[in-house]
Amino acid sequence: MNRKQRIDKIVSKKLKDFLLEVVDNSNLHKGHNNFTGQDETHIKIILTKKNKIPTNRLNIHRFINNLLKEEFKIGLHSLEININ
């Protein structure tokens, strides 16, 4: 299982009120900090709410970063989170 798949599995299990899309943007950062663009180091998560219940964006960002702390330890460099 690659990083993108692991992140999808981890986050989708915990955030059931959102549709989830995980995008590997590593190729956009090729050459930055010696990144090859192929190692799934730069990930973007797009969350779309399934309902109209208000959400605290900062808490969601903190929650996701905490969920993925092990991924940061093993090579995840950048995480972008968009909430719609």
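Contact is taken here as heavy atoms within 4.5 Å. Axes are lines fitted to C-alpha atoms, for helices over the stretch in contact, and angles between N-to-C directions run from 0 to 180 degrees. Helices (H or I, at least four residues) and strands (E, at least two) are DSSP runs numbered from the N terminus. The structure is a predicted model, in which local features need pLDDT of at least 70 and side-chain atom pairs count only at pLDDT 80 or more, while totals for chains, interfaces and linings use all residues. Residues are numbered from 1 along each chain as its sequence is written, and side-chain values use heavy atoms, with hydrogens and water left out.

The protein contains three helices and three strands, arranged along the sequence in the pattern α-β-β-α-α-β. Of its 84 residues, 30% are buried, where buried means under 20% relative accessible area, exposed over 50%, and partly exposed in between (1.4 Å probe, protein chains only). The accessible surface amounts to about 5,600 Å², with 48% of it belonging to carbon and sulfur atoms; areas come from the Shrake-Rupley method with a 1.4 Å probe, and for residues only the protein chains shown count as cover. Among contacts with a separation of 6 or more, 62% are between residues 24 or more positions apart.

The three strands form an open sheet in the order β1-β2-β3, with mixed pairing; two strands pair if DSSP finds at least two bridges between them. Strands β1 and β3 stand at the edges with a single partner strand each, so one side of each is left without a neighbour in the sheet. On average, neighbouring strands of this sheet are turned by 15° against each other, direction ignored. Strands β2 and β3 run parallel and are joined by six bridges. Ile-45 stands opposite Ile-81 in β3, and the bridge partner of Ile-46 in β3 is Asn-82.

In a regular strand, side chains alternate between the two faces of the sheet.

Helix α2 lies across β1, β2 and β3 and runs at about 145° to β3. Leu-67 belongs to helix α2 and is partly exposed, at 21% relative accessibility. Neighbours within four places in sequence aside, Leu-67 is in contact with Ile-10, Val-11 and Lys-14.

A nonpolar core is defined as a set of buried Ala, Val, Leu, Ile, Met, Phe, Trp, Tyr and Cys residues joined through side-chain atoms within 4.5 Å. The largest such core has 15 residues, of which Ile-7, Ile-45, Leu-47 and Ile-64 touch the most other members. Two or more residues of this core come from each of α1, β1 (18-24), β2 (42-49), α2 (57-67) and β3 (78-83). Beyond its neighbours within four places in sequence, Leu-47 is in contact with residues including Leu-15, Phe-18, Ile-60, Ile-64, Ile-81 and Ile-83.

Salt bridges were assigned where a side-chain nitrogen of Lys or Arg is within 4 Å of a carboxyl oxygen of Asp or Glu, which gives a count of three. In one of them, the side chains of Arg-3 and Glu-71 meet at 2.8 Å, N to O. Arg-3 lies in helix α1 (residues 3-14) and Glu-71 in helix α3 (residues 69-73), so this pair ties together parts that are 68 residues apart in sequence. Arg-3 and Glu-71 are both buried, the latter at 6% relative accessibility. Glu-71 also meets Arg-6 in a salt bridge, at 2.7 Å, N to O. This pair likewise links distant parts of the chain, with Glu-71 in helix α3 and Arg-6 in helix α1, 65 residues apart. Arg-6 is partly exposed, with a relative accessible area of 25%.

Another salt bridge joins the side chains of Lys-73 and Glu-70 at 3.3 Å, N to O. Both residues, Lys-73 and Glu-70, lie in helix α3, three residues apart, about one turn of the helix. Lys-73 is exposed, at 64% relative accessibility, and Glu-70 is partly exposed, at 45%. Through shared partners, salt bridges join Arg-3, Arg-6 and Glu-71 into one network.
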